[in-house]
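Let's take a friendly walk through the charged side-chain pairs of this model. Have the structure open and follow along.

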Amino acid sequence: MLISATQLTQFRKYKSLLCFVLFALATPAIAAPAKADLVVYGGTASGVITAYAAAKEGLHVVLLEPGSHLGGMVTGGLSASDVADFKIIGGYARDFYREAAAHYGKLSLNKHSDWLSEPKVGETIFKAWLKKAGVEVYFHERLKEHKGVTKSAVHITSITTEDNKKWQAKVFADCSYEGDLMAQAGVKYIVGREGVETYSEDLAGVRRDTPKHQFLWKISPNGANDKLMPEVDPGPIGTNGSADKKIQAYNFRLILTNNPANKLPWTKPEGYDSAQFALLAKYLNEWKEHMHRDPNMGDVINPVMIPNQKADFNNNGAFSTDYIGKSWTYPDAGYAERKRLWDAHLLYTKSFLWFLASDPHVPKLLRDEVNNWGRAKDEFLDTDGWPNQLYIREGRRMIGLYVMKQSDLQTNRTKPDSIAMGSYNSDSHNVQRVAMPDGSVRNEGDVQVPVKPYEIAAGTILPVRSQAENLLVPVCLSASHVAYSSVRMEPQYMMLGQAAGTIAALAVQRKTAVQDVSITILQERLRSQKAVLHKEQEVIE
């Protein structure tokens with residue numbers, strides 16, 4: 001049977017139309033997002049609790065997560081929770097840790113080991129909570145890099161994500177570690193360290209003489225060719241107490257196991273360069289001379305055991321998993337540059353472990369110990385056992401209604417508008433590794449100063465009203481570098497998220513700006529949720 005050219009053309013058009021119809025029927029329609037009462041940007045642990053708290057108060061809540069996981073660092077490697085005083089952690093944060101403990105048959109939270117859980121367990125809990133509360137969760141929804149926030153005067157009307165979806169809400173909460181929504185909304189913030197004089201903080205600014213996570217003897221930063229070795233900044237280090245734009249070090253918190261049936265072997269990463277660790281090799285080879293013993297794994301990386309024969313490994317010592325000096329530009333960087341920095345941190349981490357496990361310059365005792373461990377096969381399944389969250393210890397910090405300062409941790413520890421409590425040390429990791437004029441190399445920036453339990457003011461998560469009247473910021477909150485070094489812990493982010501979600505609910509229900517929510521009513525609501533606002537309310541199990 002012969003077909004004319006006209007018939008063939010018609011048949012092809014019909015076939016194309018039929019294929020299109022069949023494809024359309026097989027593909028779920030992407031509905032335009034409905035208006036919400038609250039849009040939470042960032043699925044960190046704080047974001048999850050913010051969304052959960054608001055939904056439990058009756059709000060229609062949408063949670064947007066740029067990546068594919070919930071929980072931020074709580075489920076991204078930081079399993080050795082920085083809890084300090086157990087009794088001041090209340091509300092939904094305590095409920096989370098209690099539920100995680102119950103997974104392992106633990107009935108109380110009376111010792112530090114009770115607060116430790118596997119990442120996969122924490123993420124399962126968060127997912128279940130949000131589903132039960134009716135929160136709409138959307139993954140892979142990142143704010144447009146430019147012009148992603150629409151405002152009418154000081155009122156945010158919508159945000160737009162990279163797929164050009166527009167998300168409208170009455171209130172917004174930026175619960176990301178980066179604070180991009182906050183920044184695009186025109187809220188003022190700071191990056192870096194204030195000087196001593198800014199808030200009269202004697203821990204502020206450059207800290208030239210600190211003993212922790214430091215080289216234990218004088219060691220030259222120069223190699224055999226008398227040139228500066230990699231991972232050392234030429235300096236200068238800066239005047240003691242002076243301000244700068246530098247940021248404490250980031251790292252990946254590793255979940256490793258010594259269970260042969262569950263561990264992945266160390267492999268040489270693409271892009272590995274052993275010369276990157278020349279200073280570490282030199283340091284390790286001088287160790288026995290100065291310390292009168294061989295170095296062990298605990299000298300270069302800090303393990304805390306968690307359930308099921310796993311451990312959370314964190315930075316420890318002078319040269320460890322912290323990628324010192326490489327975080328400075330991250331807070332204000334564009335998306336492409338942030339990815340480059342993220343990838344550089346991951347390569348550094350992979351290379352650091354491969355160096356320790358394989359390089360002949362590493363003492364054999366240490367090499368053997370490192371090879372006894374490996375990444376857990378049953379964690380971080382989509383990233384080959386490497387954590388899916390970079391530990392962004394500090395980025396942008398809002399300059400909000402109330403700026404939390406060193407005095408708020410030490411002498412001015414009570415607040416009439418308290419919404420949560422903190423108790424962890426002032427804890428900033430090193431900021432830079434610098435060649436000194438005396439021919440030595442020195443790490444700079446470490447802060448480790450104990451504090452007593454203190455109250456956190458509501459104004460720390462509220463922008464100045466003339467900048468934004470319907471935005472809450474419980475992660476990139478309003479604090480000096482010194483104060484942030486204590487309040488930046490995940491349990492605090494979670495408790496501040498609970499307060500943020502509750503403020504959002506009250507603002508929506510009373511049709512008011514977030515800054516105008518009654519503190520008395522807010523505190524009553526938080527107490528009904530078993531939040532701890534003052535020391536006399538501390539939880540005793």
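Start at Arg396, which counts as buried at 7% relative accessibility (buried means under 20% relative accessible area, exposed over 50%, and partly exposed in between, with a 1.4 Å probe and protein chains only). Its side chain meets that of Asp332 in a salt bridge, 3.1 Å from N to O; the term stands for a side-chain nitrogen of Lys or Arg within 4 Å of a carboxyl oxygen of Asp or Glu. The two residues are 64 apart and link distant parts of the chain, with Arg396 in the loop between strands S12 (374-376) and S13 (397-398) and Asp332 in the loop between S11 and H9. Here helices (H or I, at least four residues) and strands (E, at least two) are DSSP runs, numbered from the N terminus. Asp332 is partly exposed, at 45% relative accessibility.

Before going on, note that this is a predicted model, where local features need pLDDT of at least 70 and side-chain atom pairs count only at pLDDT 80 or more, while totals for chains, interfaces and linings use all residues. Residues are numbered from 1 along each chain as its sequence is written, and side-chain values use heavy atoms, leaving out hydrogens and water.

Next, look at Lys326, whose salt bridge with Glu231 brings the closest N and O atoms to 3.1 Å apart. Lys326 lies in the loop between strand S11 (310-315) and helix H9 (335-358) and Glu231 in the loop between helix H6 (196-199) and strand S8 (254-257), so this pair ties together parts 95 residues apart in sequence. Lys326 is partly exposed at 31%, whereas Glu231 is buried at 13%.

Over the whole structure, the search finds 33 salt bridges.
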